[in-house]
Amino acid sequence: MTQLNNLAPIPELYVSYDSAQKLKIEAAHLKSFDLTPRQICDLELLMNGGFNPLKGFLTEADYNGVVENMRLADGSLWPMPINLDVSEDFAETLEIGEDIALRDQEGVILATMTVTDRWEPNKAREAEKVFGADDIAHPAVNYLHNQAGKIYLGGPIVGIQQPIHYDFRARRDTPNELRAYFRKLGWQKVVAFQTRNPLHRAHQELTFRAAREAEANLLIHPVVGMTKPGDVDHFTRVRCYEAVLDKYPQSTTTMSLLNLAMRMAGPREAVWHGLIRKNHGCTHFIVGRDHAGPGKNSAGEDFYGPYDAQDLFRTHEEEIGLKMVDFKHMVYVQERAQYEPNDEIADRDNVTILNISGTELRRRLAEGLEIPEWFSFPEVVTELRKTKPPRSKQGFTLFFTGFSGSGKSTIANAVMVKLMEMGGRPVTLLDGDIVRKNLSSELGFSKEHRDLNIKRIGYVASEITKNGGIAICAPIAPYASTRRYVREDIESFGAFIEVHVATTIEECERRDRKGLYKLAREGKIKEFTGISDPYDVPENPELRLETENTEVDYCAQQVILKLESMGLITA
Ligand code: PPS
C-alpha cells in the first residue's frame with residue numbers, strides 16, 4: 001500500500017458555473033423532488049467526491065451488490081447503500097429515463113438526476129445484511145422502516161450547487177479543498193480521526209499519539225451531518241473541538257467538518273468512513289472499539305462485537321487504500337499525572353488508574369457535579385455545561401390532565417405562582433381556556449380537533465422546554481395516544497411530568513362551576529368529556545392528585561415535592 005498520498009484532485013459531479021446557471025433555469029421545468037435532511041447530506045458527498053466512485057444514487061444492480069457483498073456492480077468496494085428513497089405516489093409519476101430536479105428544503109435546486117432505475121427494495125433484507133439485524137432498536141433500521149420512502153430511485157447526478165451551510169463555513173471543506181490544503185502544507189501523511197462526540201483529554205492524547213506513531217499530521221474530522229439521536233448538537237461540539245485544537249502542537253493538526261449522515265452501521269460504517277477519508281486525502285484512519293456502534297438491540301445486547309469494525313476494516317485495508325490505526329484505550333495514571341494506553345501499564349498494581357465513562361460524565365453534567373481537569377479541558381466542560389445545564393436549570397413541561405372542572409387550572413395556577421416565587425426560570429401557563437382563546441380559537445371538540453389542540457400545546461411547550469423555560473399545560477387532553485405523542489416530542493428537550501387531576505366525573509358534575517355539565521346532560525353541549533365523550537385515564541402518570549376534600553395548596557405542594565424529587569427544582 002502506498003504510504004504517501006496522491007493528492008491530485010478527485011472527480012466531482014458539479015458542472016461549471018456557467019452551465020450550472022443554465023441548467024438551473026432548465027431544471028425549473030422538471031418534476032421536483034424535495035430532499036430529506038439525510039438525502040441532502042448524501043447528495044453533498046456524492047457531488048463533491050466524498051462518495052467517489054459513486055456517480056449518483058445507486059442503481060438497482062449496484063444496490064443489490066452493495067447489500068449482498070459490499071460491492072458495486074463493477075466490483076468496487078462500497079459498503080453502504082446510498083439511495084434516493086421516495087414515496088410510491090411520487091415514483092408513479094416518473095418515466096424511466098426522465099430527469100428530475102433535486103431541491104433542498106427551501107426549494108433551491110441542487111442537482112438533477114436522470115432516473116435510470118426504480119424499484120421496491122426488500123427492506124428487511126437490507127436491514128439484515130447492512131445493519132446486521134432487522135431490529136428497529138437500530139436507528140438506521142428504524143429510519144429504513146419508519147421514515148424512508150417505499151421506492152428507491154437510482155441514476156446519475158449532475159451537480160448544480162452545494163447545499164448551503166450558514167454555520168462554521170470556514171471549517172467546511174470538500175475533499176478537493178482538503179487535498180489542496182494538504183498539498184500546500186506538504187502534508188503527505190495524514191491520520192484522520194472520525195468523531196461524533198466532544199473530545200476530552202484522552203481523545204487528544206490518543207489522536208496525537210496515533211499521528212506521532214504514523215509520523216503523520218492529524219485531521220480531526222468530526223461529523224456534523226446526522227449522528228446518533230441524542231448526541232450533543234454539532235454547534236456545541238464544534239465549539240468544544242475549537243478549544244481542543246489549541247492543545248495540539250502548532251501546525252501538526254487541523255480540523256474540518258464533514259456533512260455526513262451517519263448510519264451507525266459499525267463494521268460496514270468503518271469501511272465506509274475509511275473510503276470517505278481516502279477521498280479527502282488522508283492516508284491513515286483511526287478505528288476505535290465499537291466504531292460507529294448503535295448501542296443495544298431490543299434484546300439488550302450489543303449489535304456488534306467490540307472489534308468487528310477493526311476486523312472488517314483490516315480485511316479490506318489494501319482496497320480501501322488507508323492504513324488503519326487501532327484506537328488505544330487511554331486511561332489516566334494519577335501518580336504520573338498522564339494518560340497512558342491501558343494495556344501498556346506494566347505496574348498497574350502500584351498505580352491509581354482513573355477513568356470516567358460516558359454515562360458517568362452525563363450524570364455529572366446533569367447533576368452539576370465536578371468534572372476534573374485530568375478528564376477534560378475546562379473550556380470543553382464550560383461549553384458542555386452551557387448546553388447541558390444541571391436538571392435544576394433545564395426546561396421542563398408540567399402537563400395536567402383531567403375532566404373539565406377537576407381543578408386543573410386552579411392547581412396549575414397555584415404551582416405557577418410558587419415556581420415564580422422561587423425564580424430562576426421563566427414560567428408559561430398554557431391553560432385549556434387560554435389556549436382555546438388564543439391558539440385554537442377555530443377548533444371544536446371532535447377527536448380530530450382535540451388532537452390538533454393538544455399537539456399545538458405540545459409544540460409550544462416543547463419550544464419553551466428546549467429554551468430552558470417551564471411550560472405548565474392544563475388541558476383536558478382526553479386521549480392517551482395524543483398525550484404520548486406530546487410526551488415523546490418534549491422528552492427530547494427536557495422532562496415531561498404528567499399530573500392526573502383525578503377528580504371523579506360525579507364530583508366535577510356536582511361542582512359544575514361553569515354550568516357546563518348541566519347543559520351537557522340536557523344535550524345542549526355535544527361531545528362533552530366524561531358525559532358524551534371518552535376520557536382515557538392515565539395509566540402511569542408521574543403524579544396522580546386526589547382533589548376531593550383536599551386543599552388546592554396541598555395539591556400544589558405535592559407537585560412541588562415531585563419536582564424536587566426529580567431534581568428539577570432545588571429547595
Ligand atoms: S381538550 O379536549 O383538551 O382539547 O379540551 P380543552 O382545550 O382543555 O378545553 C376544555 C374546556 O372547554 C370547555 N368545553 C368543553 N370541554 C369538554 N368537552 C366539551 N364538549 C366542551 N365544550 C366546551 C370546558 O370549559 C373546558 O374547560 P376546563 O378548564 O377543562 O373546565
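Start by selecting Asp 533 and showing what surrounds it: beyond its neighbours within four places in sequence, Asp 533 is in contact with Phe 445, Arg 450, Tyr 479, Glu 527 and Phe 528. Keep in mind as you click around that this is a predicted model.

Which residue's side chain makes a polar contact with the side chain of Asp 533? Pick Arg 450 and you'll have the pair, at 3.3 Å. Now colour by secondary structure: Asp 533 sits in the loop between α19 (516–521) and β20 (543–545).

Next, jump to residues 11–161, which an unreviewed UniProt entry annotates as "domain: ATP-sulfurylase PUA-like". This stretch is 36% helix and 21% strand, and its end C-alpha atoms lie 15 Å apart.

Now for the largest nonpolar core, with 72 residues. Select Phe 51, Trp 78, Leu 84, Ile 100, Leu 102 and Leu 153, the members that touch the most others in this core. Colour by domain too: domain 1 (17–159) and domain 2 (169–331) each supply at least three residues to the core.

Zoom in on Trp 78. Setting aside neighbours within four places in sequence, its contacts include Phe 51, Pro 53, Val 66, Met 70 and Arg 71, along with Trp 272 and Leu 275.

Last stop: a second, separate core of 36 residues. To find this one, select Val 238, Leu 245, Ile 286 and Leu 361, which are among its members.

Key
Residues numbered from 1 in each chain as written. Predicted model: local features only at pLDDT ≥ 70, side-chain atom pairs only at ≥ 80, totals over all residues. Heavy atoms only, no water. Helix = DSSP H or I, 4+ residues; strand = E, 2+ residues; numbered from the N terminus. Polar contact = N/O pair within 3.5 Å; in protein donor to acceptor, adjacent residues only side chain to side chain. Contact = heavy atoms within 4.5 Å. UniProt positions renumbered as here; feature names shortened; annotations may be inferred. Core = buried A, V, L, I, M, F, W, Y, C linked by side-chain atoms within 4.5 Å. Buried < 20%, exposed > 50% of the residue type's maximum accessible area, 1.4 Å probe, protein only. Domains from an automatic or database assignment.
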